[in-house]
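Good morning. Please keep the model open while I talk.

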Amino acid sequence: MKRLFANAHVVVMDDAGTEHESGWVLVEDGAIVDTGGGTEPETDARDDLGGAVVTPGLVNTHHHLYQTLTRARAQEAGLFTWLKTLYPVWARIDAESEHAAARTGLAELALSGCSTVFDHHYVFPRGGGDLVEAEMAAARELGVRLIPSRGSMDLGESDGGLPPDSLVEDADEVLAETERLAARYPELVVAPCSPFSVTGRLMRESAELARRLGLTLHTHLAETVEEEAYCQNL
């Protein structure tokens, strides 16, 4: 379905920064396909923008929406201390808290002009419910485009990793769940967490899975001096 959003008193700005007087925005199947000014294209429906100014939305390419719940904790700590302080808290996340965190974080981003968000979610406590769908539901409610990910951690403390053993997952289960979610969410990103929380095997097989399914691969790498030293000692 093609839907036109227009008004004789609207100024529309496109991605190139061009301003169109008496502007219009053409939307097809929920996605913007064209912008312009003057003569309007034929469409199935037309909505009056009522004198609004229309500009491209900002895109957030890396976020952790669940951390909205705990951002007041351990604020002065270095990366590894901060993570070890909060892992036990994050281990209690469930679908309800994930939904609340996503609604709060996405609303804040929307208020700052961000309309598309990629969320790198890698904490999946046992029995926590469908955390990815909890985020997606929040995005649908707010009208924000959310690019979901299936992150993962399989390298626990007993094997030299940073997260507690209770919070890591089996690599085979991670890969199977990632493939299942990819069938449900076509934009899903394969997102193993980091070198200090993911085994080399899961990193490699995540990359292979992303390549086979035509998905994007995403991870953390050498964010701080601590992590750089860890990676050099692998």
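Predicted model: local features only at pLDDT ≥ 70, side-chain atom pairs only at ≥ 80, totals over all residues.

Which strands pair with β12? One of them is β11, residues 149-152, which runs parallel to β12 and is joined to it over 4 bridges. In this pairing, Ser152 stands opposite Pro192. Another is β13, residues 216-217, also parallel, with 2 bridges. Here Val189 stands opposite Thr216.

Now the helices. β11, helix α4 (residues 171-184) and β12 form a right-handed β-α-β unit. β12, helix α5 (residues 200-213) and β13 form a right-handed β-α-β unit as well.

**Aromatic rings**

Next, the rings. There are 7 aromatic pairs in the structure. One of them is Phe80 with Tyr230, edge-to-face, 6.4 Å centre to centre and with 80 degrees between the planes. Phe80 belongs to helix α1 (residues 79-90) and Tyr230 to helix α6 (residues 225-232), so the pair links parts of the chain 150 residues apart. Is Phe80 buried or exposed? Phe80 is buried, because its relative accessible area is 14%, and buried means under 20%.

Tyr87 and Trp90 make another pair: the centres are 5.9 Å apart and the planes are at 85 degrees, so this pair is edge-to-face. Both residues sit in helix α1, 3 residues apart, which means about one helical turn between them. Tyr87 and Trp90 are buried. They also belong to one aromatic cluster together with Tyr66, Trp82 and Tyr122.

Last, a charge: Arg150 lies over the face of Phe124, 3.8 Å from the ring centre.

How values were computed: Residues numbered from 1 in each chain as written. Heavy atoms only, no water. Phe/Tyr/Trp six-rings, centres within 6.5 Å; stacked < 30°, edge-to-face > 60°. Buried < 20%, exposed > 50% of the residue type's maximum accessible area, 1.4 Å probe, protein only. Lys NZ or Arg CZ within 6 Å of the ring centre and 35° of its normal. Pairing = 2+ DSSP bridges. Right-handed = clockwise from strand over helix to strand, strands pointing away.
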